[in-house]
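This report accompanies a structure that is shown below. Please keep the display at hand while reading.

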Amino acid sequence: MSGGDAIPEFSKTKAGDGHDVSLTNLSAFASGPGIKSGTEVAAIAAVAVVIIGGIELALRLFHVPPYIMPPPSAIAYALFDEFPLIAPHLGYTLVELVAGFAIGAIIGLVMAAVITQFPFAEKIVAPYILLLVTTPMLALVPLLILRFGFGYTPRIIAVALAAGPMVMINAATGFRRVDSAKIALARSYGASTLQIFWKIRAPMALPMILVGLMIGAIFGLLTAVGAEMVGGGFGLGNRLTTYSSMIQMPQFFAVVLVLSALGILIYVLFFLIGKRWASWEA
Amino acid sequence: MNAGNATTPKLGVQAATKIYHTASGDLLALDRCSLDVPANEIVSIVGPSGCGKTTLLWSMSGLHRLTSGAILLDGREITGPHPDIGIVFQEANLLPWRNLDANIRFPFEIKGEKPDRAWIAHLLHRVGLDGFGGKFPRELSGGMQQRAAIVRALSLKPSVLLMDEPFGSLDSFTREEMNRLVEEIWLDTKTTIVFITHSIEEAIFLSDRVAVLSARPGRVAKEYRVPFPRPRSLEIMATKEVFDLTNTIKMDIVGDRVRPKTPDHHAAEIVRIRP
């Protein structure tokens, strides 16, 4: 054991430099100038009105048929009018997303934590992880439907398969960020391996874990909607195919708006979590 | 605790040898290095960079196992981290995701003990960090971070404090301020301190003894007593005795490399000045 120590090193770059958290920077919102005054709010609103109004005007002026592109007012009306019909499907999609994401994220986190403890095992599984990350899990949905039918099951599995590897690969990057001085600090107080994991490694990995969770959730949403479009009679993806097959474009775009809102909600949620729990890595 | 025994050093390093097994081969960092640290003294260890100072300190703390040799605390061999030994690391080593209070609580969390609030409050006041408990490390200057690290190390009332180049990254004014703080704390507590530094001035200001380590593999080449009275004022530090001791130690560390042995080897020696 005496030879197992590493030469004490104190890297000049602090853990907070964060060049390795560039994939999806959680602070993308915060790094921009915050909205401060009423004039700024007014300007932002004015630009939105001009853009949306411009589109409305252009579509009406050039007599673009609604089945090619409905005007914003028609989309807004459809969203309002059809929402009671869309809402249950939003619920179905959320169930698939939350269940699949939870399963995928838990498996991904546990695997990342375990695998980074054993560098040799990590080398062996690395190519398969890469395969899981790069394969669009949507491609497996027809197979999953064949095996599990048109219910929730194939969709939840697809979401878990899409989210899990994303969570895992980012969390593993986080867990690999070992700071020998901080681990030595904990060891100097007699910390156990488990304590070092929970008190040093996990908090150090947290910013990367949050990045992984966010990417995983977005990928999960994509996969859920895609799976719904492949088969089965419910979910927002199914609404998209249904409305487009019936050329109900305002309703179609209303569903697209709901999906955008869901994506933004996921981003904001993780942004707020990051701000609360990982702001030390600004 | 048998610290009172005059013949037993508080902390003893006996023929410490440490070999690192690296990808590019074995590296002999310490070679039969021996050093006695008497109780209630400040001993500084100086030496050329890469001579194994930090390795020696990490071994003394029990964080590194020696390849051979022994570390004795109060005459008893230690083989791992010991509650009686506190460490102040390079660059403060605070946990950036914890605020100052939580950083100081950290050792107690690990040990599952209740923090001694009164003692911690006293220490925080002592180092001038009252009211900074809610601040995060990135909100504090380097000097303040290192003060917090000192509080963290002293919060467990260790009988030995090991300090690993604690002020190396601070500017020289902050550094002098911190040196003065360490001296004050020592005058209060008389904690045995081992202080690693590459600044000879810092070593002389703080220490009762200065041990000079040879270039790698590290070994104690010379030991000096520093007899100047405390607290060491600017006047004392400006005396010829201090100046002479500084130069003597400097010659120990760099002298062999700067002074050509014979004119014949002059060229070779010049090359060796900057390896």
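The sections below describe a predicted model, moving from the chains to their contact and core.

## Chain A: overall make-up

The secondary structure of chain A consists of 10 helices and 0 strands. Of the 282 residues in chain A, 35% are buried. When contacts between residues at least 6 apart in the sequence of chain A are taken, 79% of them join residues at least 24 apart.

## Helix H2 of chain A

Helix H2 of chain A covers residues 38–61, which gives 24 residues. From its first C-alpha to its last it reaches 33 Å, close to the 34 Å expected at 1.5 Å a residue. The helix is hardly covered, since the count of buried residues among its 24 residues is 0. H2(A) is followed by A:His63, which has a positive phi near 50 degrees.

## Domains of chain B

Chain B is assigned two parts: domain 1 (1–84 + 159–233) and domain 2 (88–157). Their C-alpha centres lie 22 Å apart. Across the boundary, 15 residues of domain 1 of chain B are in contact with 11 residues of domain 2 of chain B. On the domain 1 side, strand S7 (160–164) and helix H5 (172–189) of chain B each supply at least two residues. H5(B) gives the most to that side, with 5 residues. By class, this side of domain 1 of chain B holds 9 nonpolar, 3 polar and 3 charged residues.

B:Glu109 belongs to helix H2 of chain B, residues 100–111. B:Glu109 and B:Gly12 are 97 residues apart in sequence, and their C-alpha atoms are 30 Å apart in space.

## A hairpin in chain B

Strand S9 (residues 209–213) and strand S10 (residues 220–225) of chain B run antiparallel and are joined by 5 bridges. The two strands form a hairpin, with 6 residues between them. Within this pairing, B:Leu213 stands opposite B:Val220 of S10(B).

## Contact between the chains

Which residues build the contact between the chains? It takes 23 residues from chain A and 27 residues from chain B. On the side of chain A that touches chain B, the elements giving two or more residues are helix H7 (180–188) and helix H8 (193–230) of chain A. The largest share of that side, 7 residues, comes from H7(A). The residues of this side of chain A divide into 13 nonpolar, 6 polar and 4 charged.

## The largest nonpolar core

In soluble globular proteins, nonpolar side chains tend to be buried together. The largest nonpolar core in this model has 128 residues. The members that touch the most others are A:Ala158, A:Val159, A:Ala163, A:Ala171, B:Val46, B:Leu162 and B:Val194. H8(A) provides the largest share of this core, 16 residues. The core also draws at least three residues from each of domain 1 (1–84 + 159–233) and domain 2 (88–157) of chain B.

Apart from neighbours within four places in sequence, A:Ala163 is in contact with A:Gly100, A:Phe101, A:Gly104, A:Ala105, A:Gly216, A:Ala217, A:Phe219 and A:Gly220.

Methods
Residues are numbered from 1 along each chain as its sequence is written. Chains are lettered from A and ligands numbered from 1 in the order in which they are written. This is a predicted model: local features need pLDDT of at least 70, side-chain atom pairs count only at pLDDT 80 or more; totals for chains, interfaces and linings use all residues. Helices (H or I, at least four residues) and strands (E, at least two) are DSSP runs, numbered from the N terminus. The expected span of a helix is 1.5 Å times one less than its number of residues. A residue is buried if 20 or more other C-beta atoms lie within 10 Å of its own, exposed if 12 or fewer, and partly exposed in between; C-beta atoms are placed from the backbone. Domain bounds come from an automatic or database domain assignment. Two residues are in contact if their C-beta atoms, placed from the backbone, lie within 7 Å. Ala, Val, Leu, Ile, Met, Phe, Trp, Tyr, Cys and Pro count as nonpolar, Asp, Glu, Lys and Arg as charged, and the others, Gly among them, as polar. Two strands pair if DSSP finds at least two bridges between them. A nonpolar core is a set of buried Ala, Val, Leu, Ile, Met, Phe, Trp, Tyr and Cys residues joined through C-beta atoms within 7 Å.
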